[in-house]
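Trainee: Before we look at any numbers, could you take me through how you would read the packing in this model?

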Amino acid sequence: MIAGDAFAGQTAVVTGGTRGIGRALTLSFLEHGARVHATWTGNEAAASALADEAARHAGRLVLHRFDVVDEIAVERFWSGLESEPDGVQILVNNAGIRRDQIVGTMASSDWRAVLDVNLTGSFLMAKQAVRSMLPRKYGRIVFVTSPSSLHGFQGQANYAASKAGQIGLMRSLAREVGKRKITVNCLSPGFVETELIGDLSEDVRADHKKMVPLGRLGTTAEIAYAALFLCSREASYVNGTTLEVHGGI
(Lines give C-alpha, C1' and ligand atoms only; values in the text may rest on other atoms or scores of the structure.)
Protein backbone atom coordinates (compact mmCIF):
# COMPACT_ATOMS: atom_id res chain seq x y z
CA MET A 1 0.00 0.00 0.00
CA ILE A 2 1.40 3.39 -1.00
CA ALA A 3 0.97 6.02 1.69
CA GLY A 4 -1.20 9.03 0.92
CA ASP A 5 1.70 11.43 1.33
CA ALA A 6 4.35 9.21 -0.28
CA PHE A 7 5.32 11.87 -2.83
CA ALA A 8 4.95 14.97 -0.68
CA GLY A 9 7.71 17.45 -1.50
CA GLN A 10 8.49 15.77 -4.82
CA THR A 11 7.95 17.09 -8.33
CA ALA A 12 6.78 14.83 -11.15
CA VAL A 13 6.59 15.38 -14.91
CA VAL A 14 4.01 13.37 -16.84
CA THR A 15 3.97 13.65 -20.61
CA GLY A 16 0.61 13.20 -22.27
CA GLY A 17 -0.68 13.83 -18.78
CA THR A 18 -4.22 15.05 -19.45
CA ARG A 19 -5.97 12.05 -21.02
CA GLY A 20 -6.28 8.31 -20.52
CA ILE A 21 -3.45 6.70 -18.58
CA GLY A 22 -1.64 10.04 -18.37
CA ARG A 23 -4.61 11.66 -16.67
CA ALA A 24 -4.77 8.83 -14.14
CA LEU A 25 -1.03 9.19 -13.51
CA THR A 26 -1.33 12.93 -12.96
CA LEU A 27 -4.22 12.61 -10.53
CA SER A 28 -2.55 9.76 -8.64
CA PHE A 29 0.65 11.72 -8.10
CA LEU A 30 -1.39 14.72 -6.95
CA GLU A 31 -3.41 12.58 -4.56
CA HIS A 32 -0.18 11.28 -3.05
CA GLY A 33 1.25 14.74 -2.42
CA ALA A 34 3.40 15.51 -5.47
CA ARG A 35 3.57 18.67 -7.49
CA VAL A 36 2.88 17.67 -11.10
CA HIS A 37 3.82 19.23 -14.43
CA ALA A 38 1.59 17.56 -17.03
CA THR A 39 2.23 18.09 -20.73
CA TRP A 40 -0.31 17.99 -23.53
CA THR A 41 -0.48 18.78 -27.22
CA GLY A 42 -3.88 18.90 -28.88
CA ASN A 43 -6.97 18.37 -26.74
CA GLU A 44 -7.70 21.63 -24.97
CA ALA A 45 -11.01 20.40 -23.58
CA ALA A 46 -9.32 17.49 -21.81
CA ALA A 47 -6.65 19.77 -20.35
CA SER A 48 -9.28 22.19 -19.09
CA ALA A 49 -11.33 19.39 -17.54
CA LEU A 50 -8.26 18.04 -15.75
CA ALA A 51 -7.42 21.49 -14.42
CA ASP A 52 -10.93 21.81 -13.00
CA GLU A 53 -10.78 18.39 -11.38
CA ALA A 54 -7.34 19.04 -9.88
CA ALA A 55 -8.33 22.41 -8.40
CA ARG A 56 -8.74 20.72 -5.01
CA HIS A 57 -5.02 19.96 -4.93
CA ALA A 58 -3.97 23.45 -3.86
CA GLY A 59 -2.35 24.57 -7.08
CA ARG A 60 0.05 21.64 -7.33
CA LEU A 61 -0.82 20.97 -10.98
CA VAL A 62 0.85 22.92 -13.77
CA LEU A 63 -0.16 22.27 -17.39
CA HIS A 64 2.22 22.79 -20.32
CA ARG A 65 1.24 22.68 -23.97
CA PHE A 66 4.05 21.61 -26.31
CA ASP A 67 5.06 18.73 -28.56
CA VAL A 68 7.63 16.34 -27.06
CA VAL A 69 9.10 15.95 -30.56
CA ASP A 70 10.07 19.65 -30.60
CA GLU A 71 13.58 19.66 -29.13
CA ILE A 72 13.65 23.42 -28.58
CA ALA A 73 10.29 23.31 -26.79
CA VAL A 74 11.49 20.43 -24.63
CA GLU A 75 14.65 22.30 -23.64
CA ARG A 76 12.60 25.42 -22.88
CA PHE A 77 10.24 23.39 -20.71
CA TRP A 78 13.07 21.92 -18.63
CA SER A 79 14.76 25.30 -18.30
CA GLY A 80 11.54 26.58 -16.77
CA LEU A 81 11.66 23.81 -14.19
CA GLU A 82 14.93 25.06 -12.79
CA SER A 83 12.85 27.24 -10.49
CA GLU A 84 11.64 24.14 -8.65
CA PRO A 85 13.42 24.38 -5.25
CA ASP A 86 14.45 20.72 -5.09
CA GLY A 87 14.41 19.95 -8.79
CA VAL A 88 12.40 17.21 -10.51
CA GLN A 89 12.43 13.74 -8.99
CA ILE A 90 10.12 11.90 -11.40
CA LEU A 91 9.60 11.70 -15.16
CA VAL A 92 6.94 9.45 -16.68
CA ASN A 93 7.18 9.33 -20.47
CA ASN A 94 3.58 8.54 -21.30
CA ALA A 95 2.89 10.58 -24.45
CA GLY A 96 2.14 8.30 -27.37
CA ILE A 97 0.14 7.91 -30.56
CA ARG A 98 -1.08 5.07 -32.80
CA ARG A 99 -1.45 5.09 -36.58
CA ASP A 100 -2.21 1.48 -37.40
CA GLN A 101 -1.83 -0.04 -40.85
CA ILE A 102 -0.24 -3.16 -42.27
CA VAL A 103 3.33 -2.65 -43.42
CA GLY A 104 2.54 -3.09 -47.11
CA THR A 105 0.22 -0.08 -47.13
CA MET A 106 1.60 2.00 -44.25
CA ALA A 107 2.44 5.56 -45.20
CA SER A 108 6.01 6.60 -44.46
CA SER A 109 4.63 9.67 -42.71
CA ASP A 110 2.69 7.43 -40.29
CA TRP A 111 5.81 5.38 -39.58
CA ARG A 112 7.83 8.51 -38.82
CA ALA A 113 5.10 10.20 -36.76
CA VAL A 114 4.71 7.25 -34.40
CA LEU A 115 8.47 6.76 -33.99
CA ASP A 116 8.94 10.50 -33.45
CA VAL A 117 6.35 10.90 -30.71
CA ASN A 118 6.71 7.58 -28.92
CA LEU A 119 10.47 7.08 -29.11
CA THR A 120 12.22 10.33 -30.02
CA GLY A 121 9.97 12.26 -27.67
CA SER A 122 10.87 9.86 -24.87
CA PHE A 123 14.57 10.30 -25.63
CA LEU A 124 14.38 14.11 -25.64
CA MET A 125 12.50 14.24 -22.34
CA ALA A 126 14.74 11.65 -20.68
CA LYS A 127 17.86 13.46 -21.83
CA GLN A 128 16.81 16.65 -20.09
CA ALA A 129 15.53 14.80 -17.02
CA VAL A 130 18.89 13.10 -16.55
CA ARG A 131 20.68 16.44 -16.74
CA SER A 132 18.39 17.75 -14.03
CA MET A 133 18.61 14.68 -11.78
CA LEU A 134 22.33 13.87 -11.97
CA PRO A 135 23.57 16.76 -9.79
CA ARG A 136 21.04 15.80 -7.10
CA LYS A 137 21.88 12.09 -7.29
CA TYR A 138 18.27 10.94 -7.25
CA GLY A 139 15.53 10.31 -9.74
CA ARG A 140 12.88 8.00 -11.15
CA ILE A 141 12.31 7.71 -14.91
CA VAL A 142 9.55 5.52 -16.35
CA PHE A 143 8.73 4.83 -19.99
CA VAL A 144 5.18 3.68 -20.67
CA THR A 145 5.66 0.97 -23.27
CA SER A 146 3.35 -1.80 -24.52
CA PRO A 147 3.07 -5.59 -24.94
CA SER A 148 3.14 -4.76 -28.65
CA SER A 149 6.90 -4.35 -28.22
CA LEU A 150 7.14 -8.12 -27.69
CA HIS A 151 4.13 -9.53 -29.52
CA GLY A 152 4.14 -7.25 -32.57
CA PHE A 153 0.38 -7.08 -33.06
CA GLN A 154 -0.84 -7.04 -36.65
CA GLY A 155 -1.10 -3.57 -38.13
CA GLN A 156 1.13 -2.03 -35.47
CA ALA A 157 4.64 -2.34 -36.89
CA ASN A 158 5.33 1.35 -36.26
CA TYR A 159 3.86 1.26 -32.77
CA ALA A 160 5.62 -2.00 -31.88
CA ALA A 161 8.97 -0.68 -33.13
CA SER A 162 8.60 2.51 -31.11
CA LYS A 163 7.73 0.63 -27.95
CA ALA A 164 10.52 -1.90 -28.40
CA GLY A 165 12.84 1.06 -28.88
CA GLN A 166 11.72 2.50 -25.56
CA ILE A 167 12.76 -0.72 -23.83
CA GLY A 168 16.20 -0.60 -25.43
CA LEU A 169 16.56 3.07 -24.49
CA MET A 170 15.50 2.28 -20.94
CA ARG A 171 17.99 -0.53 -20.48
CA SER A 172 20.93 1.53 -21.73
CA LEU A 173 19.97 4.56 -19.69
CA ALA A 174 19.50 2.45 -16.55
CA ARG A 175 23.12 1.32 -16.84
CA GLU A 176 24.34 4.87 -17.40
CA VAL A 177 22.71 6.55 -14.41
CA GLY A 178 22.18 3.80 -11.85
CA LYS A 179 25.28 4.75 -9.87
CA ARG A 180 23.74 8.18 -9.26
CA LYS A 181 20.67 6.61 -7.61
CA ILE A 182 18.50 7.30 -10.64
CA THR A 183 16.37 4.31 -11.59
CA VAL A 184 15.00 3.84 -15.11
CA ASN A 185 12.26 1.34 -15.90
CA CYS A 186 9.43 0.59 -18.31
CA LEU A 187 5.79 0.07 -17.46
CA SER A 188 3.93 -2.09 -19.97
CA PRO A 189 0.14 -1.75 -19.74
CA GLY A 190 -2.01 -4.19 -21.65
CA PHE A 191 -5.36 -3.38 -23.20
CA VAL A 192 -6.73 -0.51 -21.11
CA GLU A 193 -10.02 1.36 -21.43
CA THR A 194 -8.77 4.66 -22.88
CA GLU A 195 -9.23 6.86 -25.91
CA LEU A 196 -6.15 5.27 -27.47
CA ILE A 197 -8.15 2.15 -28.29
CA GLY A 198 -11.47 3.94 -28.68
CA ASP A 199 -11.37 3.51 -32.46
CA LEU A 200 -11.24 -0.28 -32.29
CA SER A 201 -14.30 -2.21 -33.45
CA GLU A 202 -16.31 -4.31 -31.02
CA ASP A 203 -15.03 -7.46 -32.72
CA VAL A 204 -11.42 -6.41 -32.22
CA ARG A 205 -12.09 -5.43 -28.59
CA ALA A 206 -13.67 -8.83 -28.02
CA ASP A 207 -10.62 -10.53 -29.54
CA HIS A 208 -8.37 -8.53 -27.24
CA LYS A 209 -10.35 -9.60 -24.18
CA LYS A 210 -10.02 -13.24 -25.25
CA MET A 211 -6.25 -12.84 -25.16
CA VAL A 212 -6.33 -11.78 -21.50
CA PRO A 213 -6.55 -14.62 -18.95
CA LEU A 214 -8.40 -12.27 -16.60
CA GLY A 215 -11.04 -11.83 -19.28
CA ARG A 216 -11.27 -8.05 -19.19
CA LEU A 217 -9.54 -4.82 -20.12
CA GLY A 218 -7.48 -3.00 -17.51
CA THR A 219 -8.30 0.30 -15.86
CA THR A 220 -6.22 3.44 -15.81
CA ALA A 221 -6.21 3.34 -12.00
CA GLU A 222 -4.52 -0.08 -12.07
CA ILE A 223 -1.78 1.25 -14.34
CA ALA A 224 -1.30 4.37 -12.24
CA TYR A 225 -0.81 2.30 -9.11
CA ALA A 226 2.00 0.36 -10.78
CA ALA A 227 3.62 3.63 -11.85
CA LEU A 228 3.48 4.94 -8.29
CA PHE A 229 5.37 1.85 -7.16
CA LEU A 230 8.13 2.26 -9.74
CA CYS A 231 8.50 5.93 -8.81
CA SER A 232 8.50 5.38 -5.05
CA ARG A 233 11.59 5.68 -2.91
CA GLU A 234 11.00 2.10 -1.79
CA ALA A 235 11.55 0.84 -5.35
CA SER A 236 15.21 1.80 -5.12
CA TYR A 237 16.48 -1.62 -6.30
CA VAL A 238 14.12 -1.88 -9.27
CA ASN A 239 16.19 -0.72 -12.23
CA GLY A 240 16.46 -1.61 -15.89
CA THR A 241 13.34 -3.74 -15.99
CA THR A 242 9.85 -3.79 -17.48
CA LEU A 243 6.87 -4.11 -15.17
CA GLU A 244 4.08 -5.79 -17.14
CA VAL A 245 0.52 -4.91 -16.13
CA HIS A 246 -1.53 -6.66 -18.76
CA GLY A 247 -3.60 -9.37 -17.11
CA GLY A 248 -1.29 -12.13 -18.28
CA ILE A 249 -1.32 -11.87 -22.09
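Predicted model: local features only at pLDDT ≥ 70, side-chain atom pairs only at ≥ 80, totals over all residues.

Trainee: Which residues of helix 4 are met by helix 3, and how many residues of each class make up the contact?

Mentor: On the side of helix 3, the residues involved are Glu71, Val74, Glu75, Phe77 and Trp78, and they meet Leu124, Met125, Lys127, Gln128, Ala129 and Ser132 in helix 4. Sorted by class, this contact of helix 3 with helix 4 comprises six nonpolar, two polar and three charged residues.

Trainee: What kind of aromatic pair do phenylalanine 66 and phenylalanine 77 form?

Mentor: The structure holds four aromatic pairs, and in this one the rings lie 5.0 Å apart centre to centre, with 35° between the planes. Phenylalanine 66 lies in the loop between strand 3 (61-65) and helix 3, while phenylalanine 77 lies in helix 3, so the pair ties together parts that are eleven residues apart in sequence. Both residues are buried, and their pair is classed as tilted.

Trainee: Which residues form one aromatic cluster?

Mentor: Phenylalanine 77 also pairs edge-to-face with tryptophan 78, at 5.7 Å centre to centre and 80° between the planes. Phenylalanine 77 and tryptophan 78 are both buried, and the members of the cluster are Phe66, Phe77 and Trp78.

Notes
Residues numbered from 1 in each chain as written. Heavy atoms only, no water. Contact = heavy atoms within 4.5 Å. Helix = DSSP H or I, 4+ residues; strand = E, 2+ residues; numbered from the N terminus. Nonpolar A, V, L, I, M, F, W, Y, C, P; charged D, E, K, R; others polar. Phe/Tyr/Trp six-rings, centres within 6.5 Å; stacked < 30°, edge-to-face > 60°. Buried < 20%, exposed > 50% of the residue type's maximum accessible area, 1.4 Å probe, protein only.
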